[in-house]
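Here's a quick briefing for anyone meeting this structure for the first time. Have a look at it first, then read on.

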Amino acid sequence: MTRLTKALLCCSALLIVSSVHADDKLPAEVMHSWTSGGEAAAVKVIIDEFNARGGEWSDASIAGFESANAAYTSRILSGNPPTARSVIFGLDQRELMEQGLLNNVDAVATAGKWPDAVPANLYATLGYDGHIYLAPISMHGESWMFYSKPVFDKVGIAAEPASWDEFFADMDKIKAAGLVPIAWGGQAWQEVKVFNAILLSQVGVEGFGKVYAGDEATLKSDGFKKTVEIFGKMRDYVDASSPGRNWNDATAMVISGKAGVQFMGDWAKGEFINAGKTLGTDYGCALAPGSDGMVIIGDAMAFPKTGKAEQDKAQALLAEVIMDPKIQVEFAKKKGSFPVRKDVDTSSLDACAQKGVALLAAGKVAPEHAIIITPAKVGAVTDLIGEFWANPAMSGDEVVEKFTAAVTEG
């Protein structure tokens, strides 16, 4: 046998071994909309661990949650679903569960003792009819106000505003300095989050739930009417280029010192972290003025039925990785969120996340409307708030009437 023949045989053997090894990997095409710098850094924590444990992650990221969700739904209905898709807790995936289009992860949940690790009220949102269909990734506080410390210092704002009157007085100072007071993401889904932050500050945690349950007295209360008034007043403090602006582009305005504040979920903190900014020095975080609680939402992973055994195994592996205590903490540190698991050490999380953990433990949290009402009602509310923002001529009474219809009809 010649040296060349031996070399070729050796190479062939290596190729066979490599092929077998590749075949041993569990392939997973994962759809998500985590495309900003902070989000990409966070999802890499999951990707690296999944691949290290024998998975083979194939990224199918689509910018914008609504666009990604539309593509996801289309693929399921066409019979070509991905292995997994990032979703939110609550009723958003209920229809797919009811129609039998998702695989459950009961075995993984039982083996991992998820019922003991996840707060009971949140655990209940992960499944349907006695089965668990979603693997919870992280919790987000949505009613945060992030602000630029340099901008506040420049205009003489010494402390975080404790009331909305103080807030608007501070915004006047920023406006007078020639800067943009509020970095506004001009998309309806972002606008409704700002509305919710104000709403919680005016009606409290219990009242927030009543509003979305269609409670007539709360919808007609002074607190709800004041919410509409405050939200409308914010139009005077945003820039002309805000319509259509992505949330992370608004965050960048605060990071660069072009704007004073942004109301957004704590995923915005991931952008500050990714930009190398230091909490307390470069930026700060505060709950919406006048709030004693926080609006929350959660990230989870759903697992469509693909009819392929290796995909089922990949889904189980991904669910295990997501709920690994170490991954829960590391993901949260990159994403700006806090872990779903209540049995992990959160001492390494920053001060903003610690506030979120404390509020969750104290029960001072209001589940975002997308968790507690149907997708159709969510869409109606979102459309209404976007319409109101774009139309200053709409009266407060008209908003109350249309909002009531949005959460009670359909």
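One aromatic cluster is made up of Trp184, Phe195, Phe208, Tyr212, Phe224, Phe231, Phe388, Trp389 and Phe403. Before going further, note that this is a predicted model, where local features need pLDDT of at least 70, side-chain atom pairs count only at pLDDT 80 or more, and totals for chains, interfaces and linings use all residues. Residues are numbered from 1 along each chain as its sequence is written, and side-chain values use heavy atoms, with hydrogens and water left out.

**Aromatic rings**

- Searching the whole structure turns up 22 aromatic pairs (rings of Phe, Tyr and Trp, the last by its six-membered ring, pair if their centres lie within 6.5 Å; planes under 30 degrees apart are stacked, over 60 edge-to-face, and the rest tilted).
- Phe168 and Tyr237 make a tilted pair, with 5.5 Å from centre to centre and 35° between the planes.
- Phe168 sits in helix H9 (residues 164–176) and Tyr237 in the loop between helix H12 (222–233) and helix H13 (247–255), so this pair ties together parts 69 residues apart in sequence. Helices (H or I, at least four residues) and strands (E, at least two) are DSSP runs, numbered from the N terminus.
- Both partners are buried: Phe168 has a relative accessible area of 5%, and Tyr237 has 7% (buried means under 20%, exposed over 50%, partly exposed in between, with a 1.4 Å probe and protein chains only).
- Lys233 lies over the face of Phe168, 4.4 Å from the ring centre, and Arg235 lies over the face of Trp389 at 5.8 Å. To count, NZ of Lys or CZ of Arg must be within 6 Å of the ring centre and within 35 degrees of the ring normal.

**The disulfide**

- The whole structure holds 1 disulfide (a pair of cysteine sulfur atoms within 2.5 Å), and it joins Cys285 to Cys352 with an S to S distance of 2.0 Å.
- Cys285 belongs to strand E10 (residues 283–287) and Cys352 to helix H17 (residues 351–362), so the link ties together parts 67 residues apart in sequence.
- The torsion about the S-S bond of Cys285 and Cys352 is about -110°, so the disulfide is left-handed.
- Cys285 is buried at 6% relative accessible area, and Cys352 is buried at 2%.

**Cavity and pockets**

- On a 1 Å grid over the protein atoms alone, a cavity is a set of points where a 1.4 Å probe fits but cannot get out; a pocket is an open set with protein on both sides within 12 Å along at least five of seven lines; lining residues have an atom within 4 Å of a point.
- There is 1 cavity of 30 Å³ or more, and the largest cavity contains about 60 Å³ of space. Grid points are joined across faces, edges and corners, and a volume is the space filled by probe spheres set on the points.
- Among the residues lining the largest cavity are Ile182, Trp184, Glu191 and Phe263.
- The largest pocket has a volume of about 980 Å³. Of its 39 lining residues, Gly64, Phe65, Glu66, Trp189 and Lys193 are the closest to its centre.
- The second largest pocket comes in at about 260 Å³, and H3 gives the largest share of its lining, 5 residues.
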